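Please read the following explanation with the sequence and the three-dimensional model side by side.

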Amino acid sequence: MSGDNFLNGKSYEPLRRLLSDPKISELQAQIRINKNIADINWDEKTVKLRELEQSFWQPKLLIAIDGDYSKSIIQNGFPGAEIGYITVSTVVILLDKVRELEKEQFVDPKKFRETEQPTSIDSLFVGCNVILQGEDSAKSSMRKILFNEFKKIRVFNNTETLLDTYEYLLKERSANGRASKCPHDNCDEDYEFSVGQYHCKACNGKLYSTDALRLHELLNSSGTSGEMYGQIKETFKKLQLIHLIRSFEQESKYFSLLRDVAFFIEGTLAVFSTASWLAKPIRTELERLNSKVNEEFGSSLMVLGIERSGGFVNHFSAIDTMKNGSEHNFPNQSAFLLTNEYIKKNIVFNDNPNYIYLEDTSFGRKIFYKTKAGHRVVASIATYNNYQSNLETAFTAQFPRLVDVLQLLDKLVSNRYENSVTPLASAHSEAAIPLNLGNPIFDKIAREIRANSTND
């Protein structure tokens, strides 16, 4: 069928009318097109790994965090009743064991699997028309569940819970932030942030410290709550990262492991939606933790976010593609350090001279890196002071442990998942099929690593 006949068919009359509408042509004429990006010489704009001072650091542990969620309709006599199943998985890879196995001519798959130790946070949350006994709405039920889930999670037996970690960050906001509207439907008053369980002074309704995340506001009382489940998952991931580092700090005999760990989290190093205020106290806490590690061991923490999809991944693919379609425009083992100006002009367009990309919600800096094997990685590197966080410039000194990061990405980039790294591929698989729910692995692993370090 010819193109004309195709568009002349009655079934395609709306499409034909749309394409011939002069409004479309007028709009197209007004749309800005970025013509300068194709002219960039990336060999001149990138930092070459070979140009950086060589590092011989080798991590002993890789810790990766990823999550997933699904939702399901349940039968409870109310229409559209829904629950959400959320899993946040943490996978620890024992690199010392991996290196030992690599010396063997034939690697036993069973032994190799033993180098990965996964654990999962597994939670059920209620959505539309699901109300717990003793609660008056789906929203109050969800708030109660969230608070109780935070209380259950801890890394080591003798360290704080995830709720303790969260409430430590909340205190930073309490000193600088404003209270939100009371979550009870019959109360329009603001309330004071506090820890634990307490009551609204206006309506005497029960409040929880976790209400400050305002995730309950995303619950859809008349339909699916996919956005809420997704944001709960993302909030869990960011809090789990800080919880892990603080737990290593609190268990003094394992504190030294922080110099030998690389932390990976799926996605960018930022907090969005109703919980976005967490970004600022997370930045402050990472700065404190990094200062302590630096003073003790002379090196910074390594915390990386890896993006598998989205605008930055698509843009990196576009600039790496030459006019003939081949993907060799961006040189291998080279990194492009992104600035605010570049992001505004080429990725997240914004003409406002005062706009700073993710100024209030981010705790890291983005880079594009093409590995030795030619794989593209969009990574965020955690920053620990105002100089490093300043997006107006992009000097190598603003990206903590840049050479260690690039060398590690060369080794870990995944063939299994495009734009990802091996630890996150394992964490993603564990989150999608959680086989080790609540398995307490960190005490065992920390003891093992510490014993090996003593023997060394």
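In this predicted model, Asn204 counts as exposed, because its relative accessibility is 56% and the cut-off for that class is over 50%. The residue sits in the loop that links strand S5 (197-199) with strand S6 (206-208). Its backbone also deserves attention: the phi of Asn204 is near 65°, a positive value in a residue other than glycine. Most residues other than glycine have a negative phi.

Gln333 belongs to the loop between helix H11 (311-320) and strand S9 (334-337). With a relative accessibility of 27%, Gln333 counts as partly exposed.

A further loop residue, Thr361, lies between helix H12 (340-346) and strand S10 (364-370). Is Thr361 buried or exposed? Its relative accessible area is 16%, so Thr361 is classed as buried, the limit being under 20%. Leaving aside residues up to four places away in sequence, Thr361 touches Leu269, Ala270, Val271, Phe272, Ser276, Ala279 and Arg283.

The buried residues of H10 are Ala279, Pro281, Ile282, Glu285, Leu286, Leu289, Asn290 and Val293. Viewed down the axis of H10, these buried residues fall within an arc of 165°, and they therefore line one face of the helix. After H10 comes Gly298, with a positive phi near 75°.

Of its 25 residues, 22 are buried, so H9 is largely enclosed by the rest of the structure.

What does Leu278 touch, not counting residues up to four places away in sequence? Its contacts are Tyr166, Leu169, Leu213, Thr235, Leu239 and Val271.

Nine of them form an open sheet in the order S1-S9-S10-S11-S8-S7-S2-S3-S4, with mixed pairing. Strand S1 (47-48) and strand S4 (116-126) stand at the edges with a single partner strand each, so one side of each has no neighbour in the sheet.

Within this sheet, strand S2 (residues 61-73) and strand S3 run antiparallel and are joined by 13 bridges. Ile63 has Val92 in S3 as its bridge partner. Strand S3 (residues 82-94) is in turn joined to S4 by eleven bridges, and these two strands also run antiparallel. Across that pairing, Ile86 stands opposite Ser123 in S4, while Thr87 stands opposite Asp122 in S4. How enclosed is S3, and why? Eleven of its 13 residues are buried, so S3 is largely enclosed by the rest of the structure.

The chain may finally be viewed as a whole. It has 16 helices and eleven strands. Of its 456 residues, 50% count as buried. Among the contacts in the chain with a separation of 6 or more, 71% involve residues 24 or more positions apart. The chain exposes about 23000 Å², of which carbon and sulfur atoms supply 47%.

Note on methods: Residues are numbered from 1 along each chain as its sequence is written. This is a predicted model: local features need pLDDT of at least 70, side-chain atom pairs count only at pLDDT 80 or more; totals for chains, interfaces and linings use all residues. Side-chain values use heavy atoms; hydrogens and water are left out. Contact means heavy atoms within 4.5 Å. Buried means under 20% relative accessible area, exposed over 50%, partly exposed in between (1.4 Å probe, protein chains only). Helices (H or I, at least four residues) and strands (E, at least two) are DSSP runs, numbered from the N terminus. Accessible areas come from the Shrake-Rupley method with a 1.4 Å probe; for residues, only the protein chains shown count as cover. The arc is that of the directions from the helix axis to the C-beta atoms. Two strands pair if DSSP finds at least two bridges between them.
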